[in-house]
Amino acid sequence: MTPTTTGAASREAQKDTSQVRQKTMIARHFDRLAAAPETGEKNCYTFVPGNLTELLLAFDMLPVLPEINALQSGMRGKSAEYISIAEKLGHSEDVCTYVKSDIGMLKSGNIGPTGQRLPNPDLLLLSYTGCFTFVKWFELLREEYHCPVAMLHVPYQADGKITDAMRQYVVDQLRGTIIPMLEKISGKPYDEDRLKACLELSARAEDDLVFVLQSAKHRPSPIDAYFGAVYYVGPIFSSFRGTSEAVDYYRELRSEIDERMRLGKGPVTPDGDMPAERYRIVVEGPPNWTSFRQFWKMFSDEGAVSVASTYTKVGGVYDMGFRHDPSRPLETMAEYCLGCYTNLSLPARIDLLTRYVSEYHADGFLINSVKSCNSFSAGQLHILREVEARSGRPGGFIESDLVDPRYFSAANIKNRLESYFQMLEQKRAGRVS
Amino acid sequence: MSDLSRLAALVSRADALYRDYRLTAVRDWKSRTGGLAVGFLPIYVPRELLHAQGVLPVGVMGGRDDLEIIKGDAYYQSYICHIPRSTIELGLNGSLDCLDGLLFPAICDVIRNLSGMWQMLFPAMLVRYLDVPQNFDPGIGGAFYRHELEQLTRDLTARGAAAFDADRLRRSIALYNEDRRLVRELYALRRRQPWKVPTHELYVMLRAALVLPVEASTPMFREYLELADRDETRKPLDQARVLLTGSFCEQPPIGLIKTLERAGCYIVDDDFVQVHRFIRSDIPIEGDPIENLVRAFLNDAVASPTRYIDAGVKGEDLKHHMAESGAEGVLFCSASFCDPALLDQPMLVKAVEREGIPWTAFKFAENSGQFQVIREQAGTFADSIKLWSGA
């Protein structure tokens, strides 16, 4: 659910050292994937929420994230064609466009974001965490690839808490289903010490990521916690959590952000440093990827900075205190999966957003409701009303899609955003007077 | 009263129950018994468990084309299916205020998120998201599901229902076994003689049973079965035998079902109101009754699109139903924006095509009011089957 730095936006954006490092990390990863048929390295397709990257690394398996491939297809202008291919094959216009983009990419040769062919999966690790569509997605891929599937069902936090039964259910699946399958596919035995070492690295990287995300409490915010932060969460949400590369990346990123704060700088935007912070906004919902740069500019041109976002929590809500705990390896992975943002109940999501508005001193919050994602979108109008009522801050609501450009109406969205920012200005003036 | 009159009266009563948004039958039951009534959304909950604690399980299946959605639309974007907005509408307009609780089975993200909204909108109600396992190992998924069911019994007791009692649950399982057996017989009769059991009649029977105690639904099914079977005025027509799939959650308007029948289709199998058939056969009564409910869910449930199919081939269940029903064609009839149905459809289409069975697909919303396009599509489909099938 996070872009690599190969997209159009990043080509023209300023590049910090950490970005260059991330780009190198990703390029190396895709090189390994491309060479996997020759080197014999095993790979595993899986999802961002509830990913078990440390466990895969402990088996020397390479993760492939179809969601990220789909969003990359959106950023590279390929998704319209891919979606069209899938719809011609009978996939409904009503369903998730990540799925259709992925199917279309597969049917077009499975060329990944770096232009290299992705290997067929040795395993589909179906981590059903917070999104029912994942189940169907991998049932569809299984029909294409005829490869094994390992299902990890993560129960939903309907009552806002993780119970012992939920944790035990996930641990039992890890121990009884997932690990034996990984042993079989990789041909390697489960090495818990190795897993613990990865989890220890995860926790270190998570500390630094949280520092970066929480730097937005500073005025001016040195980061954009929605558009900019999708790059920051990239390594930790995807193939690098649990690696020393991720630890180095986040240490470097933290240092850069720390320096921006010291210098009183705002975030980097598509046009360079943001000159002045006019509006501090909390954002709910995933971004649109087909017009990512244009969408971002609609904010930055108005001096609007995202100070917190929920999308950057789909791969883990670290800023609320969760850290991977190497002393309880399976339990901590279970808790990680259970705690991902889209696995939270609607009341818990409302609590989190309200807290963000308050803690980050936001002027308001915006919901980008995407057609593709019922997990996010169903209930967002209720969220809008509740967060407005609780926070006393005005909410805005725009609609788009993840990777289907047919559902990104630039003029309409821009018009709505401008009106929203004007409203914030008027409210601010009213408060002053 | 003649058999014909009795049949007409029975169908008419079922139709009235189906159309009664105010759930008068539930209100009457509550005032008679003083018991709790707990609703459930599609597709399946183990009603036996509620019944054993003296609770009336009530199926809540959304609205129809005659329900004006005033408030419900304010909660949902245009690209979300219709059932949550009509359910919200019914909640906010007081239709469901006789319910002491509402259960939300884990079938999709929309129903899942609705459970959270319901918690906030109706804090006085017992609101339970019934998470069902996608791991079918009895020691793993089964253990989790058992815990969910045990938690539900405790929640019901805390609300004033009778305490859990294993013998009472065994008796409830026996009652629902008989109820389900009769529904299976009705489906079997329709497969053999579809002209005897028009689907629009069968459908209102299934819907009526959602608001009745099992002690009343079982005799209703039995009487309908006997009367329909005996009715010699119902004669076969030259219609195409079709299997309808995709309508397991949001329900099509009854007008759509009638339209399909009038367009020349005998619906010989379907997935409407699937709670009555979600478990395929009798649940054992002997032994640990909760474990029996768990095992039935794990091992004997239909291959719903809401379940992960971990073994076998997608579409095997549909293939079995096609063979069993002698369907000559398949209608993919899904609610608009229904993720489980629409994401499943390409895989099911492949399965149907592997069998060389013709199919067609269309979508509906529960409040659709115009069926002309579907009538033409279904009519053409039925004609093509009659003209070009191997028979």
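Q: Two strands pair if DSSP finds at least two bridges between them. What makes strands β5 (residues 240–245) and β7 (residues 329–335) of chain B a pair?

A: Four bridges join β5(B) to β7(B), and the two run parallel. That meets the cut-off, so they count as paired. Leu243(B) stands opposite Val330(B) in β7(B).

Q: What kind of model is this, and how are its parts labelled?

A: It is a predicted model: local features need pLDDT of at least 70, side-chain atom pairs count only at pLDDT 80 or more, and totals for chains, interfaces and linings use all residues. Residues are numbered from 1 along each chain as its sequence is written, while chains are lettered from A and ligands numbered from 1 in the order in which they are written.

Q: What makes a stretch a helix or a strand, and how many of each does chain A have?

A: Both are DSSP runs, numbered from the N terminus: a helix is H or I over at least four residues, a strand is E over at least two. Chain A comes to 18 helices and ten strands.

Q: Why is chain A called as compact as a globular protein of its length?

A: Take the radius of gyration over C-alpha atoms, then apply the globule rule: 2.2 Å times the number of residues to the power 0.38. For 433 residues the rule gives 22 Å. Chain A has 21 Å, which is close, so it is as compact as a globular protein of that length. Along the principal axes, its C-alpha atoms fill a box of roughly 70 × 50 × 40 Å.

Q: What makes Val273(B) buried or exposed?

A: Count the other C-beta atoms, placed from the backbone, within 10 Å of its own: 20 or more is buried, 12 or fewer is exposed, and in between is partly exposed. Val273(B) has 26, so it is buried. It sits in the loop between β6 (265–269) and α11 (289–299) of chain B.

Q: What class does Asn110(A) fall into, and why?

A: Asn110(A) has 17 other C-beta atoms within 10 Å, so it is partly exposed. Its phi is also positive, near 55 degrees. Most residues other than glycine have a negative phi, and most peptide bonds are trans. In chain A, the bond from Arg219(A) to Pro220(A) is cis, with omega near -5 degrees.

Q: Why is β7 (residues 279–284) of chain A called largely enclosed?

A: Six of its six residues are buried, so the rest of the structure largely encloses it. In a regular strand the side chains alternate between the two faces of the sheet. Here both faces are covered: Tyr279(A), Ile281(A) and Val283(A) on one side, Arg280(A), Val282(A) and Glu284(A) on the other. β7(A) pairs in the parallel sense with β8 (residues 304–309) of chain A over five bridges. It also pairs in the parallel sense with β9 (residues 364–370) of chain A, over four bridges.

Q: How do you know which residues Pro358(B) is in contact with?

A: Two residues are in contact if their C-beta atoms, placed from the backbone, lie within 7 Å. Leaving aside neighbours within four places in sequence, Pro358(B) is in contact with Gly329(B), Ser384(B) and Ile385(B). Pro358(B) and Ser384(B) are 26 residues apart in sequence, and 9.2 Å apart from C-alpha to C-alpha. Pro358(B) has 17 C-beta neighbours inside 10 Å, so it is partly exposed.

Q: What makes up the side of chain A that touches chain B?

A: The contact takes 40 residues from chain A and 41 residues from chain B. Elements giving two or more residues to the chain A side include α7 (133–145), β4 (149–153) and α8 (164–186) of chain A. That side has 18 nonpolar, 15 polar and seven charged residues. Ala, Val, Leu, Ile, Met, Phe, Trp, Tyr, Cys and Pro count as nonpolar, Asp, Glu, Lys and Arg as charged, and the others, Gly among them, as polar.
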